[in-house]
Amino acid sequence: MSDIRVSCPQCRLDALPDTLHCPGCQEDLAALAHLVYRGRISYNTGLTHARNGDHTRARAALERAVQEEPDLTPAWLLLGKIAAHQGDAPRAHEALTRAAALDPADPTIQAALSALTATP
Ligand SMILES: [Zn+2]
């Protein structure tokens, strides 16, 4: 999770990665960083449940993940796949469309979206 980046809401500067303080105003941005991390933690939880075949728990964790971090493309993708697997086409379509909007070049997302629209 070293790719986590938070920026100061006031200065728009990225927090220093070692201290999570704003280099401008010295504000402690750790709480903000924790919010960003929460989405990834929920995503990882969802991934684990999905691998164990527990789609109900996986979906709950992923719904949480996309709420906590709305730009978390892999969470939208996995949520879409699980919703499709559960027969919830509207939510699957919504999630995969969101993933595709975030990362239009990802062939995995396009394939999942095509598979969904091809399903009667
Ligand atoms: Zn600042």
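Helices (H or I, at least four residues) and strands (E, at least two) are DSSP runs, numbered from the N terminus.

The structure is a predicted model, in which local features need pLDDT of at least 70 and side-chain atom pairs count only at pLDDT 80 or more, while totals for chains, interfaces and linings use all residues. Residues are numbered from 1 along each chain as its sequence is written.

The chain as a whole comes next. The chain contains five helices and zero strands, and its pattern along the sequence reads α-α-α-α-α. Taken along the principal axes, the C-alpha atoms of the chain fill a box of roughly 55 × 30 × 20 Å. Of the 120 residues in the chain, 28% are buried. A residue is buried if 20 or more other C-beta atoms lie within 10 Å of its own, exposed if 12 or fewer, and partly exposed in between, with C-beta atoms placed from the backbone. Two residues are in contact if their C-beta atoms, placed from the backbone, lie within 7 Å. Among contacts in the chain between residues at least 6 apart in sequence, 35% join residues at least 24 apart.

The segment before α1 contains R12 and also L20. R12 is not a glycine, yet R12 has a positive phi of about 65 degrees. L20, likewise not a glycine, has a positive phi of about 60 degrees. Most residues other than glycine have a negative phi. The surroundings of these two residues can also be described. R12 is exposed because 9 other C-beta atoms lie within 10 Å, whereas L20 counts as partly exposed because it has 17 C-beta neighbours inside 10 Å.

Helix α1 covers residues 30-51, and its 22 residues should span 32 Å at 1.5 Å a residue; the end C-alpha atoms are 31 Å apart, which agrees. The expected span of a helix is 1.5 Å times one less than its number of residues. The buried residues in α1 are G39, S42, Y43, G46 and A50. An α-helix has 3.6 residues a turn, so residues three or four places apart point the same way. What covers the buried residues of α1 includes α2 (55-68) and α3 (73-85). Just after α1, G53 takes a positive phi of about 80 degrees. The loop between α1 and α2 holds D54, which counts as partly exposed because it has 14 C-beta neighbours inside 10 Å. D54 and T73 are 19 residues apart along the chain, and their C-alpha atoms are separated by 21 Å.

Helix α3 has 13 residues and reaches 18 Å from its first C-alpha to its last, close to the 18 Å expected at 1.5 Å a residue. Ten of these 13 residues are buried, so α3 is largely enclosed by the rest of the structure. The buried residues of α3 are A75, W76, L77, L78, L79, G80, K81, I82, A83 and A84, and what covers them includes α1, α2, α4 and α5. Leaving aside its neighbours within four places in sequence, A75 is in contact with G39, Y43, G46, L62, A65 and V66. After α3 comes G87, whose phi is positive, near 85 degrees.

A nonpolar core is a set of buried Ala, Val, Leu, Ile, Met, Phe, Trp, Tyr and Cys residues joined through C-beta atoms within 7 Å. Which members of the largest nonpolar core touch the most other members? Of its 23 residues, they are L62, A75, W76, L79 and L96. Two or more residues of this core come from each of α1, α2, α3, α4 (89-102) and α5 (107-118). The most come from α3, which gives eight residues.

Helix α5 also includes A111. A111 is exposed because 11 other C-beta atoms lie within 10 Å. A111 and T48 are 63 residues apart along the chain, and their C-alpha atoms are separated by 23 Å.
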